[in-house]
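Here is a short report on one structure.

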Amino acid sequence: MLKTAAHPHRRQVLAGTAAAVLAVPAIVRAQASALKIAVLLPRSGYLAPSGQSCHRGALIAPQVLAQFGHRVELIHIDTESSVDVARNQTERAINEGARCVVGAFDSAATLAMAQVCEQRQVPLVVNIAGAPQLTEQGLKFLVRNFPTGGQLVVNGLKLIKDVLAATKLASKTAVFIHANDTFGTAQRAGMDRIFPGAGMPFSLVDSIAYDPTAQDLSVEVTKIKARNPDIVLVVTRAGDAIKLVRDMVRQRFEPQAIMSPGSPGLYDEEFYQALGPLADYHLCSLPWADPTAQMSQALEAAFKPAHPNFRFVVDSFNAGFTFEALLVAADAFKRAGAADGAPLMQAVRETNLKDHVMIGPPIRFDEKGQNPGIPSACVQNRNRTPVVVLPPEVATMAAVLPQPPWQGRG
Amino acid sequence: MSSLILNVVVQGGLTGLVYGLMALGLSVIFGVVRVVNFAHGELVVLAMYAAFELWRSFGLDPLVGTLPVAVVFFGLGYLLQTTLINPFIGRAEHEQFILLVGLGMVIVNGLLMIFRPDARPINLAYGFDSYEVGPLLIYKVNLLAGAAAVVVAAALFVFFRWTATGTAIRACADNLTGAAVVGLNVRRLYALTFGIGLACVGAAGALMVTIVEVRPALAPSFTLLAFIIVIIGGLGSMGGALLGGVLIGVSEALAGFFFEPSMKSMFSFGLLILVLVLRPQGLLGRRA
């Protein structure tokens, strides 16, 4: 007797369908060949110039990473320079399938995103954010391939001392002025802690905090002028760096040098465009792109056609670190062979990348998730272009100090 | 020390005059039409971009560009009032609020799409100049912008005080029913008032762009600043708006000088609270 095939019961069909639906994400995950990364940056709001600069690096990252055998799929998200937006958008991106998060230029926004990533067990690779607390809170799903504020100050003060010695500039006094946001106050704390023991040839006669969203900085400059320092040490953002220098020119205040121990502002395209020749001769101490690195050259080659109105040399700091954060995530994904939070994070923590963009040793993270080995270079604006002037082994020009008077430039 | 303080006061006062002109538009519109323009900051930024484009495309100095921008904004205000605002007159305040906040969002996001979020500076030949008058160093742009703000405010005062249309608008503000009874075309006068209010906004935006680099993100802070100024000066009072602007400019500057500059805004809000407690109608405002 032939056995007739039994018709599946309605409940069996429903159960089978449900099981198939539930299994789809796992199947998709297992089969995913590209890592889906949410890139959160402040592309609008008061941090927009730097956020846009980072974004330009992120836009070209997939094609450059593909050249080195990595596949990534990016979700570009604007944090609007707002901590709340950063937090909410991180949540949304993870809900929509992001398996890794990169960002967010701003320390305050990154701190908020870190809480979300920790709860959801999704790796967060910090591109740029210097507040020390990011890697001091015991977060398990965060790594930072960027110096802490303290490291920036240590490296920056050393380079400032070196550049004063190299130019034989006798400076007796300095005023430190900084934005009062999370990064700026972290830099202030670093300066208060490190400066007394740094053996600098000048004394710090005042520290002034200002609101980076203020419409003008004339009062701040009047306060600096009242102190009449030889050097002005600044921790700025792009917009306020312009206001600061412009008000110094209008108030006819001529310091010997304006230097940043590690902050944006003085090397942004916007700064050069707004101030023209008055943007020249200011110095920043920052990690910088290594022009001899193969990956740096590949990034520059992709940058030119993608962003013909922008210069790689100006964007290389922001674009370089953003690319490196994506590289860390992509490399970990390749090694882990999975995009699930725990194994991916484990692979991120075990990163050892010899080939990368910025100057310095291989990218590695300590037990706190911090890359402790990122050196700085001293960069001076010359003819509206940032040029490395120290350390000597990577310098392409000699530093010029004191800076020429405002009058008669260009 | 005294010369430094004098410098701080003068710079703060000049910047405050432009702030005052910016707030004047808000005050004029509320004083007559009784609509609080929550899209005020966005419209100021739109005017700044208009002045910026005139400078970039035609090389027109923003101080000269003040006139065409004000004229265009007058037309824009007239159009907005007749098409968009009029149907909301007399409706619940929250409906007006939603309408104008929505308008503001459309403007600022439109600007973001067209101009991107970057700050756009205007590089004027005299942008870095300053006048030395005894111990004083006065920024040329701030002096010119402040003087232009005074001229615009004076012209507005003359219009409202000594012209028939200005008197009719004041009649609407004082007694709407009475104005309608004597045969005044209230809707047309409302449209004119909104136009005049936006002309002030246009002029202030064109002057502001000489002092501040324009970017869309400025809008909310301008709205807030304008509200603080008109509340201090007295909502609906023209003189009050200018006085409020100067007071905010000077108090912020002095607070920044004597205390921490990052605490400047705290003093503006402190002044606002003080006025609300001691004289809720504002310094030059009338009791309801």
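## A contact between chains

At what angle do helix H7 of chain A and helix H1 of chain B pack, and how far apart are their axes? The model is predicted. In it, the angle is about 170 degrees and the axes are 10 Å apart. Angles over 145 degrees count as roughly antiparallel, so H7(A) and H1(B) are roughly antiparallel to each other.

Which residues make the contact? From H7(A) come Ser218(A), Val219(A), Thr222(A) and Ala226(A). H1(B) supplies Leu4(B), Asn7(B), Val8(B) and Gln11(B). By class, the residues of this contact are four nonpolar and four polar, with no charged residue.

## Elements of chain B

Chain B has eleven helices and two strands. Along the sequence, the pattern reads α-α-α-α-β-β-α-α-α-α-α-α-α.

## Size and packing of chain B

The C-alpha trace of chain B spans about 60 × 45 × 35 Å along its principal axes. Does the radius of gyration agree or disagree with a compact globule? It agrees, because a compact globule of 288 residues would have a value near 19 Å and chain B has 19 Å.

Burial is the next figure. Of the 288 residues of chain B, 52% count as buried. Contacts also reach along the sequence. Among those in chain B between residues at least 6 apart, 79% join residues at least 24 apart.

Notes. Residues are numbered from 1 along each chain as its sequence is written. Chains are lettered from A and ligands numbered from 1 in the order in which they are written. This is a predicted model: local features need pLDDT of at least 70, side-chain atom pairs count only at pLDDT 80 or more; totals for chains, interfaces and linings use all residues. Helices (H or I, at least four residues) and strands (E, at least two) are DSSP runs, numbered from the N terminus. The radius of gyration is taken over C-alpha atoms; the globule rule is 2.2 Å times the number of residues to the power 0.38. A residue is buried if 20 or more other C-beta atoms lie within 10 Å of its own, exposed if 12 or fewer, and partly exposed in between; C-beta atoms are placed from the backbone. Two residues are in contact if their C-beta atoms, placed from the backbone, lie within 7 Å. Axes are lines fitted to C-alpha atoms, for helices over the stretch in contact, and angles run from 0 to 180 degrees between N-to-C directions. Angles under 35 degrees count as roughly parallel, over 145 as roughly antiparallel, 65 to 115 as roughly perpendicular and the rest as oblique. Ala, Val, Leu, Ile, Met, Phe, Trp, Tyr, Cys and Pro count as nonpolar, Asp, Glu, Lys and Arg as charged, and the others, Gly among them, as polar.
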